[in-house]
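Work through the exercises below with the sequence and the model in view. Each task is followed by a solution in steps.

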Amino acid sequence: MEMSNLHDKGSLMNYNIGVGSSLIKLMEMDPKYRTIAYFSMEIGVESDIPTYAGGLGILAGDVLKSSADLGVPIVGITLLYKHGYFKQRIDENGRQVEEPYQWNPEEKLTLLPNEVNVEIEGRPVHVRVWVYEIVGQSGYIVPIYFLDTDYDKNTPEDRTFSWYLYGGDLRYRLCQEMILGIGGLRILRDLGYNNINTFHLNEGHAGFLALELLREQGYVDFAKIKEQVVFTSHTPVPAGHDYFPFELIEKTMSPVFVDYLKQMMPNGGVSMVDFGLKYSRFINAVSKKHREVSKKLYNTESIDYITNGVHSASWTSSNIQKLFDEHMPGWRNDPSRLVMAMKLKDDELWKEHQANKMFLFSKILERTGVELDAEILTIGFARRAVAYKRADLLFKDINRLIDICSGKVQLIFSGKAHPSDEEGKAMIQRVINFSKELSGKIPVIFLENYDMELAGLLTAGVDVWLNTPLRPREASGTSGMKCAHNGVLNLSILDGWWVEGWIEDVTGWAIGPEPTEVELTHYDESKDAEALYKTLEEKVIPLYYQHRDRWISMMKNSIALNASYFNTHRVVREYCERAYKVYQKYY
Ligand SMILES: *Cc1c(COP(=O)(O)O)cnc(C)c1O
């Protein structure tokens, strides 16, 4: 990989300092002009760098990509996972089998000479760092630093801390979070980042960086720490949030840090979310609805919201990109221009959509041997296989489903369950069993190993994107936004982003009623399947087969009304204005 001057101090000499643009270049490359550090347990930038599990990591990658495009002085920081999340295979019984990823960081990243250590259980754990450089539209570089303990200075056990994303037990997670928060900040200092005034916690995992900030300033002022931290919450339920009891913390952290943690969180242990809420100057949820739910959950008014988005150029398929280039030039660095999508020609948009569909089907044929029909309405459902996402809702009444969909609909599923999530695995198995039961009536495909590449193919190549989360569990959701960029229509429960993006029969369709104030936390989901069948039967299927012109106008609507807004360029601008207080490029 080519290195930028950001990490190659020697070649700074090559710049002619007398020339204006070179001066700007020099400033861009100098760590002292970077003011924001973005910490995330997972970051997904490329399909083949398997350091992500789902939406949280891909959002992080998309935010950093848009930051590079816009010239925001930010750096990203995460852990290197040598064995990734995991590679999913489905066995003959429909059971998920997990295999560790094997990938070579040296093919994708560059190892830097910097090194720090973090005291864990009384011994120093050495941390080194790899860099990946995102080059923005205009050449501005945003580096992502991947922390690594898997090298010969460490004991065999300590080396495993940078092996698995969301693997291991609570102690393993605590060690990883110490490396991310404390080690991450130390590495940034070692790299020369001494003017960071905003530490952005993408979820609470890196919260321990507050301890290192305290140590740096001589342990004086908690309020001063708070001034430097921004916290984004992504989960609308407390279950699943990291919680470390002091008993474990005492065994793991150095005594000074334990002391300060006990003063900061005097209640038996540390919830990383509570920690983030207490020690951040700006807190946000990731959709309007999620803000309402979070305010109630955490009993506080001081939660803002910045609704998520996706990186437009990354999630728009290449042939649709060409149409956008032709009709809405400049959209890549200003996706709000997609508001002019009405200018797209019906026949051109349809032709490119069908091309995407046929390309997806050719991949499915390769992978599964099953041949799908590009003239048949195709519904996609792909996301982490976790119970609340209800991948099997569509199969609640099989006879009804056959009645409505036989000969008219094809279904494609994909998604990984966390290795210890038995419910999620059982859900995958049920979907696969239904696919066998429906064989000959409704084609149902399950694609193994959902990753960014597959997500790109699916969110461009199906006709309708189905989302059936149990309210209020979907904080935002982002895959539907990828679809909007490709003219794929959303059919979804009104939760997360869809509450903001949905206009019935204009941008897509709702399943079930609109959310009300009283059901923020409790919701009667018993009628959701019925609502889904009704909408398919009365709206989606007839429109697809009988009113293609109206269908295509909805495709344009979703580009114009949804893609123009639900993108990370808008998200990053909002973070700059409201959370980072950076209003423009610094030059
Ligand atoms: C976009 C994406 C997600 C997130 O999808 P949601 O709709 O938020 O569930 C998860 N996994 C992959 C691989 C993705 O590309």
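**Exercise 1.** State how many bridges join E5 to strand E6, and how the two run.

Solution. Strands E5 and E6 are joined by 8 bridges and run antiparallel. One of the pairs is Leu111 with its bridge partner Trp130 in E6. Strands here are DSSP runs of at least two residues, helices (H or I) of at least four, both numbered from the N terminus. The model is predicted: local features need pLDDT of at least 70 and side-chain atom pairs pLDDT 80 or more, while totals for chains, interfaces and linings use all residues. Residues are numbered from 1 along each chain as its sequence is written, and side-chain values use heavy atoms, without hydrogens and water.

**Exercise 2.** Decide whether Ser67 is buried or exposed, and list what Ser67 touches.

Solution. Ser67 belongs to helix H2 (residues 55-70). Its relative accessibility is 1%, so Ser67 counts as buried (buried: under 20% relative accessible area; exposed: over 50%; partly exposed in between; 1.4 Å probe, protein chains only). Leaving out residues up to four places away in sequence, Ser67 touches Val72, Ile74, Tyr140, Val142 and Val572 (contact: heavy atoms within 4.5 Å).

Definitions and conventions
Pairing = 2+ DSSP bridges.
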